[in-house]
Amino acid sequence: MEGEEPSSGGVIAVTRALQVLEAFSLGESGLPLAELSRRCGLHKTTVLRLARTLAQAGYMVQREDGEWRLGPAAGWLGARYQAGFDVQNVLEPALQELTMATGESAAFYVREGNVRTCLVRVEGPQALRHHARMGEGLPLDKGSPGRVILAFSGAPGKVYEDIRKKGYHWSIGEREQGVATVSAPVFGTHWRLMGSVCISGPASRLPESKLESLAQTVIAAANRLSYALSGSTATPAPGPARAASWHP
């Protein structure tokens, strides 16, 4: 059919429009047409036509200097996405509580295809801390947040079996040198995996012994989040509830 990708069944125009939206990096307030064209690998006339179409729906805006930026509709998409996890009422308060209990930054990660992304993050009170960008795609098999997601998605192998038995996982310098994290899984209704909650900080402040001592605090926070996100009013049991008997 005209307008469809023969190999994937996708619509070419939609794929190209998404390329234009995804061309913007975090912190960029605007891009000229030539740069958008370069990043997308598309001709400038094609990018201009796509940008104007997206602007009609509010997903892009052309500034007075001619550069293009993301529009308010793109922001609403992100807000609706976050609302699906009840960020404001559940996730942020829980992460703030975890940060206060541990003194370290706390974050909630979700799986998006073959990567994990930080949905929400609360910075710790320490002057020296680990910074992660929300929305950035990160590998699942490097760092404890991704390892936990893989383990409770049913990934095979001894390392993932061990994570499922313990109900948590910590790592030091696995994805980023000098950064230590400890993570635990968060479940929704019917024990459907929602993501992982973690705390992170410099390895100099979080050696193995410290990570082990903080693991139960992270597990408790993950359990509370699981009950809140599943709509349960019951009090979560202490420790890694049902972690050992979980099945994909």
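This is a predicted model: local features need pLDDT of at least 70, side-chain atom pairs count only at pLDDT 80 or more; totals for chains, interfaces and linings use all residues.

Q: What makes up the protein chain, in helices and strands?
A: The protein chain has eight helices and eight strands. Buried residues make up 42% of its 248 residues. Of the contacts with a separation of 6 or more, 51% join residues 24 or more positions apart.

Q: Why are Cys-118 and Cys-198 called buried?
A: Buried means under 20% relative accessible area. Cys-118 has 2%, so Cys-118 counts as buried. Cys-198 has 1%, so Cys-198 is buried as well.

Q: Why is Ser-226 called buried?
A: Its relative accessibility is 7%. The cut-off is under 20%, so Ser-226 counts as buried.

Q: Where does Ser-226 lie, and which residues is it in contact with beyond its neighbours within four places in sequence?
A: Ser-226 lies in helix α8, residues 208-229. Beyond those neighbours, it is in contact with Pro-185, Val-186 and Phe-187.

Q: What makes the pair of Ser-226 and Phe-187 a polar contact?
A: A polar atom of the Ser-226 side chain lies 2.8 Å from the backbone nitrogen of Phe-187. The limit for such a pair is 3.5 Å, so the distance falls within it.

Q: Which backbone nitrogen lies 3.1 Å from a polar atom of the Ser-171 side chain?
A: That of Ser-144. The limit is 3.5 Å, so this distance also falls within it. Beyond its neighbours within four places in sequence, Ser-171 is in contact with Gly-143, Ser-144, Val-179, Ala-180, Thr-181 and Leu-211.

Q: Why are α6 and α7 called roughly perpendicular?
A: The axes of α6 (residues 144-151) and α7 (residues 158-166) cross at roughly 90° and come within 9 Å. Angles from 65 to 115 degrees count as roughly perpendicular, so the label applies to α6 and α7.

Q: Which residues make the contact of α6 with α7?
A: Arg-147, Val-148, Leu-150 and Ala-151 of α6 meet Val-159, Tyr-160, Ile-163 and Arg-164 of α7. By class, the contact has six nonpolar, no polar and two charged residues.

Q: What makes α1 roughly perpendicular to α3?
A: Helix α1 (residues 12-22) and helix α3 (residues 44-56) have axes that cross at roughly 85° and come within 10 Å. The range is 65 to 115 degrees, so α1 is roughly perpendicular to α3.

Q: Which residues make that contact of α1 and α3?
A: Helix α1 brings Ala-13, Arg-16, Ala-17, Val-20 and Leu-21, and α3 brings Thr-46, Val-47, Leu-50 and Leu-54. Seven are nonpolar, one is polar and one is charged.

Definitions and conventions: Residues are numbered from 1 along each chain as its sequence is written. Side-chain values use heavy atoms; hydrogens and water are left out. Buried means under 20% relative accessible area, exposed over 50%, partly exposed in between (1.4 Å probe, protein chains only). Helices (H or I, at least four residues) and strands (E, at least two) are DSSP runs, numbered from the N terminus. A polar contact is a pair of N or O atoms within 3.5 Å; within protein, one must be able to donate a hydrogen and the other to accept it, and residues adjacent in sequence count only if both atoms are side-chain atoms. Contact means heavy atoms within 4.5 Å. Axes are lines fitted to C-alpha atoms, for helices over the stretch in contact, and angles run from 0 to 180 degrees between N-to-C directions. Angles under 35 degrees count as roughly parallel, over 145 as roughly antiparallel, 65 to 115 as roughly perpendicular and the rest as oblique. Ala, Val, Leu, Ile, Met, Phe, Trp, Tyr, Cys and Pro count as nonpolar, Asp, Glu, Lys and Arg as charged, and the others, Gly among them, as polar.
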